[in-house]
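Dear colleague,

Please keep it open while you read.

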Amino acid sequence: MNLLFFQLALGAYLLATVGYIAYFIKPEQKWTAPASLWVTLSGFLLHIAYFLFRWTESGRIPITSFFEAANFLGMGIVLVFLIMEFRFKIAALGSFMLPLVIVLMAPALILSSDIKEINPVLKSGWLGVHTSLAVLGDAAFAFAFIVSIMYLIQERQLKSKHLGAIFHRLPSLDIMDTLGYKALTFGWPLYTLGMLTGSIWANSAWGTYWSWDPKETWSLITWVIYLALLHLRTIGWRGRKMAFLSIVGFVFVLVSFFVISRIEMGKHSF
């Protein structure tokens with residue numbers, strides 16, 4: 001039964017994506033953007049319902065399998081999108097953010113959604129704290145990634161001097177550069193806290209703060225990349241350079257999530 005809420009949420013995101021794309025194609029239909037926003041919010045509420053039902057059914061926070069983790073990451077990205085959209089009123093974000101959510105969530109449908117027994121060491125309060133912080137950090141990085149893509153598209157439009165419908169729908173380069181930076185300053189502390197709480201949990205469970213398993217090593221590399229990105233910003237890096245680096249950083253996040261976590265090595269394998 002709880003899987004139905006997952007499917008309904010995904011369906012709502014698909015419908016909202018169509019609405020946001022229509023916002024680009026037919027600018028005279030001004031109602032499509034606000035309608036899509038409310039459809040997205042409805043999908044998010046269905047998403048939360050799925051999450052809570054599965055939590056109740058399993059007796060633990062549902063984030064220990066690949067299916068659950070993909071769902072949680074998608075939910076985190078939608079949360080960040082809604083916060084940014086209600087705060088800054090940039091409807092064009094939906095045309096880029098929601099397709100990413102769908103790409104992350106849709107493959108989960110072909111995977112087993114059965115609730116399975118977990119390793120006893122995972123039955124800890126640290127599980128929710130560590131994973132929530134880390135995934136919310138990833139969601140903020142996803143937002144910065146999307147804004148960076150939008151930045152490069154807008155910059156290309158300006159250089160080519162072919163100012164079509166996309167140009168008039170996207171924010172200015174300065175706004176997108178600022179939004180990307182805000183997302184990084186929000187996501188990096190969360191990601192850092194996720195790593196710290198994970199280390200504390202590892203010490204209480206295995207007697208060591210760090211064991212250099214593949215996931216830990218890759219997470220550290222990702223953390224260093226975003227730290228370097230934030231540092232470069234303080235010494236004057238802006239615009240195109242920051243956009244490219246933000247995209248590279250998120251590629252590492254995706255590899256960590258979809259590849260490293262699937263390696264049957266270490267404590268983090270699904």
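By class, what residues does the lining of the largest cavity have? It has nine nonpolar, four polar and two charged residues, where Ala, Val, Leu, Ile, Met, Phe, Trp, Tyr, Cys and Pro count as nonpolar, Asp, Glu, Lys and Arg as charged, and the others, Gly among them, as polar.

This is a predicted model, in which local features need pLDDT of at least 70 and side-chain atom pairs count only at pLDDT 80 or more, while totals for chains, interfaces and linings use all residues. Residues are numbered from 1 along each chain as its sequence is written, and side-chain values use heavy atoms, with hydrogens and water left out.

A cavity here is a set of points on a 1 Å grid over the protein atoms alone where a 1.4 Å probe fits but cannot get out, and its lining residues have an atom within 4 Å of a point. The count comes to one cavity of 30 Å³ or more, and the largest cavity holds about 100 Å³ of space, a volume being the space filled by probe spheres set on the points, which are joined across faces, edges and corners. Of the 15 residues that line the largest cavity, Ser148, Asp177, Gly180, Met242 and Ala243 lie nearest its centre. Two or more lining residues come from each of α5 (125–160), α7 (173–206), α8 (214–234) and α9 (239–258), and α7 gives the most, with five; helices are DSSP runs (H or I, at least four residues), numbered from the N terminus.

Elsewhere, the axes of α1 (residues 2–25) and α2 (residues 32–58) come within 8 Å and cross at roughly 165°, with axes fitted to C-alpha atoms over the stretch in contact and angles running from 0 to 180 degrees between N-to-C directions. That makes α1 roughly antiparallel to α2, a term for angles over 145 degrees. Their contact has 20 nonpolar, seven polar and two charged residues.

Best wishes

How values were computed: On a 1 Å grid over the protein atoms alone, a cavity is a set of points where a 1.4 Å probe fits but cannot get out, and a pocket is an open set with protein on both sides within 12 Å along at least five of seven lines; lining residues have an atom within 4 Å of a point. Angles under 35 degrees count as roughly parallel, over 145 as roughly antiparallel, 65 to 115 as roughly perpendicular and the rest as oblique.
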